[in-house]
Amino acid sequence: MLHQIGDEIIIPNNVSVEKQTIRVDLKNSLPVPDETVAIPDILEFKERRKDELLQLHQTIDKFYLEVLSSPDPSLTSKAVVNELNR
């Protein structure tokens with residue numbers, strides 16, 4: 001999620017660190033190909049599975065909103081990340 005250059009993280013004033021942490025935790029629960037997978041293979045996979053990936057990202061957004069509206073965001077975040085890992 002963070003595509004920044006340098007050694008300083010820049011977070012907009014209107015977004016809390018806690019909210020960004022929740023988003024990073026959700027995104028980090030997804031598998032990432034290692035360095036042995038060729039970039040063209042990754043791009044081909046993304047194109048072939050774009051509908052499923054869109055649905056996955058919509059599900060992550062839904063979970064994110066669920067965590068934000070929870071009375072205990074920390075607990076809900078852990079439960080949601082566990083669900084995504086499964």
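Valine 67 touches Ile22, Pro73, Thr76, Ser77 and Val80, leaving out residues up to four places away in sequence; contact here means heavy atoms within 4.5 Å. Valine 67 lies in helix α3, where helices (H or I, at least four residues) and strands (E, at least two) are DSSP runs, numbered from the N terminus. At 0% relative accessibility, valine 67 counts as buried. Buried means under 20% relative accessible area, exposed over 50%, and partly exposed in between, with a 1.4 Å probe and protein chains only.

This is a predicted model, in which local features need pLDDT of at least 70 and side-chain atom pairs count only at pLDDT 80 or more, while totals for chains, interfaces and linings use all residues. Residues are numbered from 1 along each chain as its sequence is written, and side-chain values use heavy atoms, with hydrogens and water left out.

The protein has four helices and zero strands. Read from the N terminus, its elements run α-α-α-α. Of the 86 residues in the protein, 17% are buried. Among contacts with a separation of 6 or more, 58% are between residues 24 or more positions apart.

The next topic is the pair of helices α3 and α4. Two packed helices are described by the angle between their axes and the distance between the axes. Helix α3 covers residues 50-68 and helix α4 covers residues 73-85; they pack at an angle of about 160°, with their axes 9 Å apart. Axes are lines fitted to C-alpha atoms, for helices over the stretch in contact, and angles run from 0 to 180 degrees between N-to-C directions. The two helices α3 and α4 are therefore roughly antiparallel to each other. Angles over 145 degrees count as roughly antiparallel, under 35 as roughly parallel, 65 to 115 as roughly perpendicular and the rest as oblique. The crossing of α3 and α4 is right-handed; a crossing has this hand if the near helix is turned clockwise from the far one by less than a right angle, and is left-handed if anticlockwise.

Which residues make the contact between α3 and α4? On the α3 side they are Ile60, Phe63, Glu66 and Val67, and on the α4 side Pro73, Thr76, Ser77, Val80, Glu83 and Leu84. These residues divide into six nonpolar, two polar and two charged. In this division Ala, Val, Leu, Ile, Met, Phe, Trp, Tyr, Cys and Pro count as nonpolar, Asp, Glu, Lys and Arg as charged, and the others, Gly among them, as polar.

Several of these residues can be followed one by one. Phenylalanine 63 lies in helix α3 and, at 12% relative accessibility, counts as buried. Apart from neighbours within four places in sequence, phenylalanine 63 is in contact with Leu26, Val80, Glu83 and Leu84. Valine 80 has its place in helix α4 and is buried, at 4% relative accessibility. Valine 80 touches Leu26, Phe63, Glu66 and Val67, again not counting residues up to four places away. The C-alpha atoms of valine 67 and valine 80 are separated by 7.9 Å, although the two residues are 13 apart along the chain.

Serine 77 is buried, with a relative accessible area of 7%, and beyond its neighbours within four places it is in contact with Ile22, Asp25 and Val67. Leucine 84 touches Leu26, Ser29, Ile60 and Phe63, not counting residues up to four places away in sequence.
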